[in-house]
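Visitor: Please take a close look at one residue and the part of the fold around it. I would like the surroundings described as well, in plain terms.

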Number of protein chains: 2
Amino acid sequence: MEQRPVSRVVIIGTGLIGTSIGCDLSAAGYAVHLRDHKISHARVAAGLGAGTIEPPISADVDLVVVAVPPGAIADLVVHSLQIYPNATVTDVGSVKAGVLDALWQRDVDLGRYVGSHPMAGSHHSGPMTAHRELFVDRTWVVTPHRRSAAESVERVRAAVRACRARELIMDVDDHDAAVARVSHLPHLMSVLVAGHLTQVPERDLMLAGQGLRDVTRIAGSDPELWEQILGANSNAVLEELRDVQDQLGLLIKSVEAAHASGDLRSQLERGVAGIRKIGGKHGAALVRYRQVVVAIPDSPGALARLFADVSAAGVNVEDISIEHDPVREIGYLALSVAPEHADALVETMLSHGWTVS
Amino acid sequence: MEQRPVSRVVIIGTGLIGTSIGCDLSAAGYAVHLRDHKISHARVAAGLGAGTIEPPISADVDLVVVAVPPGAIADLVVHSLQIYPNATVTDVGSVKAGVLDALWQRDVDLGRYVGSHPMAGSHHSGPMTAHRELFVDRTWVVTPHRRSAAESVERVRAAVRACRARELIMDVDDHDAAVARVSHLPHLMSVLVAGHLTQVPERDLMLAGQGLRDVTRIAGSDPELWEQILGANSNAVLEELRDVQDQLGLLIKSVEAAHASGDLRSQLERGVAGIRKIGGKHGAALVRYRQVVVAIPDSPGALARLFADVSAAGVNVEDISIEHDPVREIGYLALSVAPEHADALVETMLSHGWTVS
């Protein structure tokens, strides 16, 4: 490969992911050529600013991004390595080992292939969302293999950075095990819960709340796509499924012995521990606030004023709990607020005559 | 019991549920007395307008609402039947058979007990949200038993209506089976997925998306409370767990045979079917829109205008798909919009010169 700036890209597949990449790379100065077996799809992507539908001169192409459904990836990667002799080829499929295994069995220049996987968009669809900042601050895994040329890896990483994603280099098998754990297993568990609803009497669903909706949401994703994903990662997925099968067996034993052992409690607590590990809104947030503690006044009428004053402080109260002094039989309101707002709230409450401890 | 309008209520337990009921019943003209073993909690509830902390004359009480954690319900129902001789007693626990079984073994006037269960609030906490319209249009199950007096059932139903909830009369065992299916089983599956994360390498979680957060959210709920709920409903829960255990076994077989059978696909489709049954945002919505189909113009530049005109129409586009005419090699944009906006969108697009079919 001769040395020149990476600049000419072919994107194969103009769905949400392919079109979004095209928009980002075009904005970053790449010359992007769009291909789709349905020309009207490529035309819509071009209309959104993702690139041109004019074909490039094959030898000029530096990078090919294969953004098609999982079952079609391997063949299109092989095809691309063959017809674009100077191009690095990557794909954006959510399972990496199968593609690589398929390539080892073909007579292709493996050094020019580097897999990748952007963590974005699987539950969106349609090109209308494509031009938004889909990859900004999302993890984008790059999975070099032992034959990958350093220059090829660098080309893919540069494209990832141009999409403003967070690049993460991983081994192919580590990647596939990771998505089995944090994506494919949760998907199948959601499918199990949602599927179970098919045998539930209609009236029972009047008792359903937001929790059921949350647990089952991802089970609504395209079965055809997921059949391909799971089929491509079946070994890693099976390992997780069998582990959960063991855990389910233990859980059933715990519920059977609910009154006789603390096992159920520890399994429930294990779930809370798992959530804390995810971080973000419902993990780290648990410890992110500062508490402002106000004495609860003796007269009930005063409490309404207290809440009004808290409101008027213009500070967003994330949680409230009541703390109790069993000896003096008085209580305290603990107001949880973002650390940067705590001082302002204390000041407001003091200025209105409340006792803040 | 003498006939007079139900008007005097005692609420035992001033957490989110008890306080919210107090606010609603007070607003509806009931005289509400609040009790809590922590007086400062009752005082906060009173300050929010849920009632008074002054004790009533026992014989004057028409209705007692026991709103305490599951493990304390049966004893407080018995206690209330004993000290309020003219009162109907209800509870708001999420499992009904255990309380009733406990009452059958005591020397109490069972005719004055009618269980109930409002579908609200389990993942909120703190009294601050209590005064909001917590029960409006939420299902509130009332579970009479064969000894319940008609007047007692009517008193509970009147209180449910005063909270502006949707009342639903159910048999006790039917209720417990229903919550096992739509609430307790999904909770435990969420716990399994979240618990599994405890054994996942830290780095894998960088690949986690919103789907994992959704599936695991409810697993973060209070383990102590859930231990009590599941313990109280263990028989019904075990039946659902064992069914899901069977389904998981089938799923594992399907993934093992992914390339050889269509079983995996049908299990994924069963999940989609289950979700459709829930209705609401991610169920019924799938069929609730009308499609406006616009021909995709030949020149790529025109597409940007098309999207701009769609935007300018001020109509919220719920989904977009591209339809393809393989013979003429042209395409159509199918815009999904709420039925009541479809005509306005068609008119706007026509007036801008687009071809709408």
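Guide: The residue is B:His33, which lies in strand β2 (residues 31-35) of chain B; helices (H or I, at least four residues) and strands (E, at least two) are DSSP runs, numbered from the N terminus. This is a predicted model, in which local features need pLDDT of at least 70, side-chain atom pairs count only at pLDDT 80 or more, and totals for chains, interfaces and linings use all residues. Residues are numbered from 1 along each chain as its sequence is written, chains are lettered from A and ligands numbered from 1 in the order in which they are written, and side-chain values use heavy atoms, with hydrogens and water left out.

B:His33 has a relative accessibility of 7% and therefore counts as buried (under 20% relative accessible area; exposed is over 50%, partly exposed in between, with a 1.4 Å probe and protein chains only). Leaving out residues up to four places away in sequence, B:His33 touches B:Arg8, B:Val9, B:Val10, B:Ile11, B:Thr52, B:Glu54, B:Pro55 and B:Pro56, where contact means heavy atoms within 4.5 Å.

The strand that holds B:His33 belongs to an open sheet of 4 strands in chain B, ordered β2-β1-β3-β4 with parallel pairing; two strands pair if DSSP finds at least two bridges between them. β2 and β4 (88-91) of chain B each have a single partner strand and stand at the edges, so one side of each is left without a neighbour in the sheet. From one strand to the next the twist averages 20°; axes are lines fitted to C-alpha atoms, for helices over the stretch in contact, and angles run from 0 to 180 degrees between N-to-C directions. Strand β3 (residues 63-66) of chain B pairs with β4(B) in the parallel sense over 4 bridges, and B:Val65 has B:Thr90 as its bridge partner in β4(B). Helix α1 (residues 16-27) of chain B lies across β1 (8-12), β2 and β3 of chain B, at about 165° to β1(B).

Chain B has another open sheet, of 3 strands in the order β5-β6-β7 with mixed pairing. Its edges are β5 (115-118) and β7 (166-169) of chain B, each with a single partner strand, so one side of each is left without a neighbour in the sheet. Strand β6 (residues 139-143) of chain B runs parallel to β7(B), joined by 4 bridges, and B:Trp140 has B:Glu167 as its bridge partner in β7(B).

B:Trp140 also takes part in an aromatic pair with B:Phe135: the ring centres are 5.0 Å apart and the planes stand at 45°, so the pair is tilted. Rings of Phe, Tyr and Trp (its six-membered ring) pair if their centres lie within 6.5 Å; planes under 30 degrees apart count as stacked, over 60 as edge-to-face and the rest as tilted. Both B:Phe135 and B:Trp140 are buried.

Finally, the contact between the chains takes 119 residues from chain A and 119 residues from chain B. About 10,900 Å² is buried between them, 70% of it from carbon and sulfur atoms; buried area is the accessible area (1.4 Å probe) that two parts lose on being put together, summed over both. The interface holds 10 salt bridges, each a side-chain nitrogen of Lys or Arg within 4 Å of a carboxyl oxygen of Asp or Glu. One salt bridge joins the side chains of B:Arg242 and A:Glu256 at 2.6 Å, N to O.
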